[in-house]
Amino acid sequence: MCSKQLNETVRPFLQVQADSFEKKQYTVNSLNRSKDANEDLLVAQKLIKTITTGIDAQNKRTQKLLMALKKAATGQAIRSGLNKSKVMDYCNLFGLSTKNKSLEELADNLAEKMLDDITRVNPDVNATLEATVPPERKMVWNNLGICPAGATYEISRLVHDESIGTQRDLNKVMNSIYRIGITFLINSVGCASIAQDCVYGLPQRITAKATPEVLQSNNVSIVLSCEDSNRSKELIVTAQSNEFVQQAKQVGAKGIRVYAVSRSNPSAMEHSEGII
């Protein structure tokens with residue numbers, strides 16, 4: 001067979017093989033891209049679980065602070081004082097009418113506004129975001145489609161899409177993570193800060209006092225930083241029990257001494273006996 005005939009016979013076969021190889025290579029590349037995309041999606045879904053757990057815990061704390069603001073406004077709290085200047089400032093920021101309303105009414109309305117943003121289950125205007133975020137930033141977030149409607153709504157939506165596995169678009173999943181991050185900043189942390197300002201006022205610098213001279217090297221020292229009075233009393237009783245005192249003496253100590261330190265709630269242990 002001459003070379004011309006050989007070429008005419010072999011060329012179609014080689015072309016078929018080449019086409020098959022290109023098709024297989026394209027399929028392999030597609031599978032690799034699909035695998036990478038699935039791995040990214042899996043990482044994003046695991047990130048969602050971590051984020052939503054942390055935000056849910058912060059939301060519970062924020063709701064307690066907002067309820068403390070409501071109780072302070074209605075006179076139900078042990079500490080019923082309100083910071084008038086901060087309540088007025090935030091009411092003006094939220095666009096709430098202050099005409100012919102008492103300080104307590106304004107504080108209650110402000111708390112209700114923020115609670116609505118935290119707890120709503122249907123999409124609506126996020127009043128806290130509208131009040132606290134600069135217009136140019138809101139414009140960017142709106143253009144990107146990542147403006148959150150509310151803390152509980154965004155968490156529920158994110159967990160629903162992740163748990164039943166219907167959302168396979170990585171970009172949309174990442175946008176949801178952006179929204180949940182923004183609602184954490186604005187609603188979870190922002191509302192908590194506002195409530196604390198209104199009830200307790202702004203943080204103030206204080207002078208810390210320490211008395212290290214009371215420490216004795218020949219005793220077992222227990223430093224107690226606990227705001228639960230019942231738990232504090234139980235620990236003191238246990239430390240002073242004969243069983244533990246004898247154990248301390250067996251290792252060469254004279255006894256056990258309990259010290260209190262860093263108490264943000266002094267009343268919790270001020271009546272406890274046996275504490276220094």
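Trainee: What's the handedness where α2 and α3 cross?
Mentor: The crossing of α2 and α3 is left-handed, that is, the near helix is turned anticlockwise from the far one by less than a right angle (clockwise would be right-handed). Bear in mind that this is a predicted model, where local features need pLDDT of at least 70, side-chain atom pairs count only at pLDDT 80 or more, and totals for chains, interfaces and linings use all residues. Residues are numbered from 1 along each chain as its sequence is written, and side-chain values use heavy atoms, with hydrogens and water left out.

Trainee: Which residues make the contact between α2 and α3?
Mentor: From α2 you have Lys84, Val87, Met88, Tyr90, Cys91 and Phe94, and from α3 Leu103, Leu106, Ala107, Leu110, Lys113 and Met114. Contact here means heavy atoms within 4.5 Å. By class that's 10 nonpolar, no polar and two charged residues, with Ala, Val, Leu, Ile, Met, Phe, Trp, Tyr, Cys and Pro as nonpolar, Asp, Glu, Lys and Arg as charged, and the others, Gly among them, as polar.

Trainee: And what's the angle between α2 and α3?
Mentor: Helix α2 (residues 84–94) packs on α3 at about 50°, with the axes 10 Å apart. That makes α2 oblique to α3. Angles under 35 degrees count as roughly parallel, over 145 as roughly antiparallel, 65 to 115 as roughly perpendicular, and the rest as oblique. The axes are lines fitted to C-alpha atoms, for helices over the stretch in contact, and angles run from 0 to 180 degrees between N-to-C directions.

Trainee: How do α3 and α7 run, parallel or antiparallel?
Mentor: Their axes come within 10 Å and cross at roughly 165°, so α3 and α7 are roughly antiparallel to each other. This crossing is left-handed. On the α3 side, Leu110, Met114, Asp117 and Ile118 make the contact, and on the α7 side Asn187, Ser188, Cys191, Ile194 and Cys198.

Trainee: What does α2 meet in α7?
Mentor: Lys86, Val87, Tyr90 and Phe94 of α2 meet Ile194, Asp197 and Cys198 of α7. The two pack at about 145°, axes 8 Å apart, and the contact has five nonpolar, no polar and two charged residues.

Trainee: Back to α3, which of its residues are buried?
Mentor: Leu106, Ala107, Leu110, Ala111, Met114, Leu115, Asp117 and Ile118. Buried means under 20% relative accessible area, exposed over 50%, and partly exposed in between (1.4 Å probe, protein chains only). An α-helix has 3.6 residues a turn, so residues three or four places apart point the same way.

Trainee: What span should α3 have?
Mentor: With 17 residues (103–119) at 1.5 Å a residue, α3 should span 24 Å, and its end C-alpha atoms are 24 Å apart, which agrees. The expected span is 1.5 Å times one less than the number of residues.

Trainee: New topic: is asparagine 59 buried or exposed?
Mentor: Buried, since asparagine 59 has a relative accessible area of 3%. Asparagine 59 lies in helix α1 (residues 3–74). Leaving aside neighbours within four places in sequence, asparagine 59 is in contact with Ile118, Ala151, Ile155 and Ser188.

Trainee: Last one: how many helices and strands are there?
Mentor: Nine helices and two strands. Those are DSSP runs numbered from the N terminus: helices are H or I with at least four residues, strands E with at least two.
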